[in-house]
Amino acid sequence: MTAPPGPRFGRQVPSEAPTEPLRGTRAPTAVLERPRRGRWLFRLLVGGLLVAVAVVGGTAFRVWQVARVDDRRPVDAVVVLGAAQYDGDPSSIFAARLRHAEELYEDGLAPRIVTTGGGRPGDVYTEAEAGRRYLIDRGVPPQAVIAVGEGSDTLLSLQAVAARAKQDGWQSAEIVSDPWHSLRARTMARDSGLLAWTSPTRTGPVVQTRETQFRYIVRETGALLYYRLTHASVDTQTSGLG
């Protein structure tokens with residue numbers, strides 16, 4: 001007889017147990033998502049930086065470009081933006097603007113000159129009044145010079161001029177200021193309702209050195225961007241570029 005099979009000795013092969021899903025099977029996907037998010041964030045930051053550089057650079061170029069243009073033409077009025085005055089005597093910056101306005105008037109571009117700018121507490125004269133006195137002393141007929149002595153910055157002054165223009169029945173203006181101020185002044189004048197162009201002065205301390213020019217271009221770039229974002233003027237009363 002053959003003996004019944006007995007137990008087998010040697011290596012036992014365990015029976016295959018049912019497998020459970022490994023925990024954290026999504027971990028590889030999560031690990032991949034983190035680099036992807038990092039790349040998208042980096043691209044977003046770089047894109048935002050490039051846009052900011054393009055906006056600032058484009059604005060600075062436009063400030064420089066318009067500063068080089070003398071867009072003189074027949075208009076209803078030459079509007080001189082105010083600057084500092086001392087007891088009725090215009091500062092060198094203001095005087096340069098006034099002389100340029102006088103030149104435009106003598107060339108027959110407009111029948112009137114409008115001087116602008118308010119005063120500070122304690123001032124005997126407003127900037128507009130000081131400018132008017134200066135022009136009359138230089139021989140411009142008194143009836144041809146209108147002083148609009150309202151506004152402590154460019155925007156408020158131009159809004160006051162626009163209101164006076166509406167009252168007197170005229171609407172086009174040649175804005176006289178420093179070259180780097182031209183684009184912002186023109187933008188504000190048009191936003192105030194005037195048909196405006198610019199004829200910047202080419203004399204005075206603002207245009208004497210390249211360092212001064214660069215400083216004013218940088219400041220005007222920031223001021224124009226600020227205006228476009230807020231529709232408010234930057235307070236720079238001492239320079240007349242508010």
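Biologist: Is D87 buried or exposed?
Modeller: This is a predicted model, and D87 sits in the loop between β2 (85-86) and β3 (89-90). The relative accessible area of D87 is 66%, and exposed means over 50%, so D87 counts as exposed.

Biologist: What is the phi of D87?
Modeller: D87 is not a glycine, yet its phi is positive. The value is about 55°.

Biologist: Where is H231 found, the other non-glycine residue with a phi near 55°?
Modeller: H231 has a relative accessible area of 55%, so with the limit for exposed at over 50% it is exposed. Its phi is positive, although H231 is a residue other than glycine. As for its place in the chain, H231 is found in the segment after α6.

Biologist: How many helices and strands are there in the protein?
Modeller: Along the sequence the elements follow the pattern α-β-β-β-α-β-α-β-α-β-α-β-α. Counted by type, that gives six helices and seven strands.

Biologist: What percentage of the contacts with a separation of 6 or more is between residues 24 or more positions apart?
Modeller: The protein has 242 residues, and buried residues make up 42% of them. Among contacts with a separation of 6 or more, residues 24 or more positions apart account for 69%.

Biologist: Which residues have the most contacts inside the largest nonpolar core?
Modeller: In soluble globular proteins, nonpolar side chains tend to be buried together. Here the largest nonpolar core has 31 residues. Those with the most contacts inside this core are V78, I113, V140 and W180.

Biologist: Which element gives the most to this core?
Modeller: At least two residues of the core come from each of α1 (27-67), β1 (77-80), α2 (92-106), α3 (127-137) and α6 (210-230). With seven residues, the element that gives the most is α2.

Biologist: What is the relative accessible area of E102?
Modeller: Buried means under 20% relative accessible area, and E102 is buried because its value is 7%.

Biologist: How many of the 10 residues of α5 are buried?
Modeller: The buried residues of α5 are S182, L183, R184, A185, R186, T187, M188 and A189. The helix is therefore largely enclosed by the rest of the structure, and the number of buried residues is eight.

Biologist: Which residue just after α5 takes a positive phi?
Modeller: The phi in question is about 110°. The residue that takes it, just after α5, is G193.

Biologist: Is α4 roughly parallel or oblique to α5?
Modeller: Two packed helices are described by the angle between their axes and the distance between the axes. For helix α4 (residues 154-168) and helix α5 (residues 182-191) the axes are 9 Å apart, at an angle of about 40°. Angles under 35 degrees count as roughly parallel, so this angle makes α4 oblique to α5, and the word is oblique.

Biologist: Which residues of α5 meet α4?
Modeller: α4 passes α5 in a right-handed crossing. By class, their contact has five nonpolar, one polar and no charged residues. From α4 come T154, L155 and L158, and from α5 come A185, M188 and A189.

Biologist: Is α5 roughly parallel or oblique to α6?
Modeller: The axes of α5 and α6 come within 10 Å and cross at roughly 20°. An angle under 35 degrees counts as roughly parallel, so α5 to α6 is roughly parallel.

Biologist: How many charged residues are in the contact of α5 with α6?
Modeller: α5 passes α6 in a left-handed crossing. L183, R184, T187, M188 and D191 of α5 make the contact with E220, A223, L224 and Y227 of α6. These residues divide into five nonpolar and one polar, and the number of charged residues is three.

Biologist: What distance separates the C-alpha atoms of R228 and T187?
Modeller: R228 is found in helix α6, and it is partly exposed, with a relative accessible area of 45%. T187 is one of the buried residues in α5. R228 and T187 are 41 residues apart along the chain, while their C-alpha atoms are separated by 9.4 Å.

Definitions and conventions
Residues are numbered from 1 along each chain as its sequence is written. This is a predicted model: local features need pLDDT of at least 70, side-chain atom pairs count only at pLDDT 80 or more; totals for chains, interfaces and linings use all residues. Side-chain values use heavy atoms; hydrogens and water are left out. Axes are lines fitted to C-alpha atoms, for helices over the stretch in contact, and angles run from 0 to 180 degrees between N-to-C directions. Helices (H or I, at least four residues) and strands (E, at least two) are DSSP runs, numbered from the N terminus. Angles under 35 degrees count as roughly parallel, over 145 as roughly antiparallel, 65 to 115 as roughly perpendicular and the rest as oblique. A crossing is left-handed if the near helix is turned anticlockwise from the far one by less than a right angle, and right-handed if clockwise. Contact means heavy atoms within 4.5 Å. Ala, Val, Leu, Ile, Met, Phe, Trp, Tyr, Cys and Pro count as nonpolar, Asp, Glu, Lys and Arg as charged, and the others, Gly among them, as polar. A nonpolar core is a set of buried Ala, Val, Leu, Ile, Met, Phe, Trp, Tyr and Cys residues joined through side-chain atoms within 4.5 Å. Buried means under 20% relative accessible area, exposed over 50%, partly exposed in between (1.4 Å probe, protein chains only).
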